[in-house]
Amino acid sequence: MINETVKKVEQWAEDRNLIEGATPAAQYQKLLEEVGELGRALIEDDAEKVKDAIGDCTVVLTILARQCGMTFPDCYASAYEEIKDRKGKMVNGIFVKEVV
């Protein structure tokens with residue numbers, strides 16, 4: 001299902017000239033805006049706004065990946081490969097990876 005949604009988002013972005021017509025730097029700026037909205041939603045404890053903001057961040061990252069000649073699923077899989085065997089512990093509610 002995620003791959004179908006990624007393809008739909010990519011097509012949506014293509015149709016609006018967001019891949020070729022915008023820059024990765026501009027897309028990064030948009031990502032920061034969306035992350036700010038996520039932060040506000042978390043502070044407000046508004047589950048619907050959190051869901052929307054996470055989705056918006058994912059859309060922006062999907063477009064940014066394409067602008068950089070990559071795909072969101074490939075980036076996501078690469079991140080998983082990097083963390084899958086990571087060990088660490090929780091410190092004040094934050095996972096701190098073990099230094100090897």
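**Figure 1. Phenylalanine 72 and tyrosine 76 in helix H4.** Phenylalanine 72 and tyrosine 76 are 4 residues apart in helix H4 (residues 72–83), a separation of about one helical turn. Helices (H or I, at least four residues) and strands (E, at least two) are DSSP runs, numbered from the N terminus. The structure is a predicted model, in which local features need pLDDT of at least 70 and side-chain atom pairs count only at pLDDT 80 or more, while totals for chains, interfaces and linings use all residues. Residues are numbered from 1 along each chain as its sequence is written, and side-chain values use heavy atoms, with hydrogens and water left out.

A search of the whole structure finds 1 aromatic pair. This pair joins phenylalanine 72 and tyrosine 76 and is stacked, at 5.7 Å centre to centre with 15° between the planes. Rings of Phe, Tyr and Trp (its six-membered ring) pair if their centres lie within 6.5 Å; planes under 30 degrees apart count as stacked, over 60 as edge-to-face and the rest as tilted. Phenylalanine 72 is buried, at 13% relative accessibility, whereas tyrosine 76 is exposed, at 57%. Buried means under 20% relative accessible area, exposed over 50%, and partly exposed in between (1.4 Å probe, protein chains only).

**Figure 2. The salt bridge of lysine 30 and glutamate 33.** In this salt bridge, the closest N and O atoms are 3.1 Å apart. A salt bridge is a side-chain nitrogen of Lys or Arg within 4 Å of a carboxyl oxygen of Asp or Glu; by this rule the count comes to 7. Both residues belong to helix H2 (residues 24–44), where they are 3 residues apart, about one turn of the helix. Lysine 30 is partly exposed, at 33%, and glutamate 33 is partly exposed, at 40%.

**Figure 3. Further salt bridges.** Lysine 49 and glutamate 44 form a salt bridge of 3.3 Å, N to O. Lysine 49 is partly exposed, with a relative accessible area of 44%, as is glutamate 44, with 46%. Arginine 86 forms a salt bridge with glutamate 82, with 3.4 Å between the closest N and O atoms. Here arginine 86 is partly exposed at 31%, but glutamate 82 is exposed at 58%. A network of salt bridges links Glu10, Glu14 and Arg66.

**Figure 4. A nonpolar surface patch.** Val91, Ile94 and Val96 make a nonpolar surface patch of about 230 Å². Patches are made of residues with over 30% relative accessible area and no salt bridge: like charges are joined within 9 Å, nonpolar side chains (Val, Leu, Ile, Met, Phe, Trp, Tyr) within 5 Å. Accessible areas come from the Shrake-Rupley method with a 1.4 Å probe; for residues, only the protein chains shown count as cover. Valine 91 lies in strand S1 (residues 88–91) and is partly exposed, at 34%.
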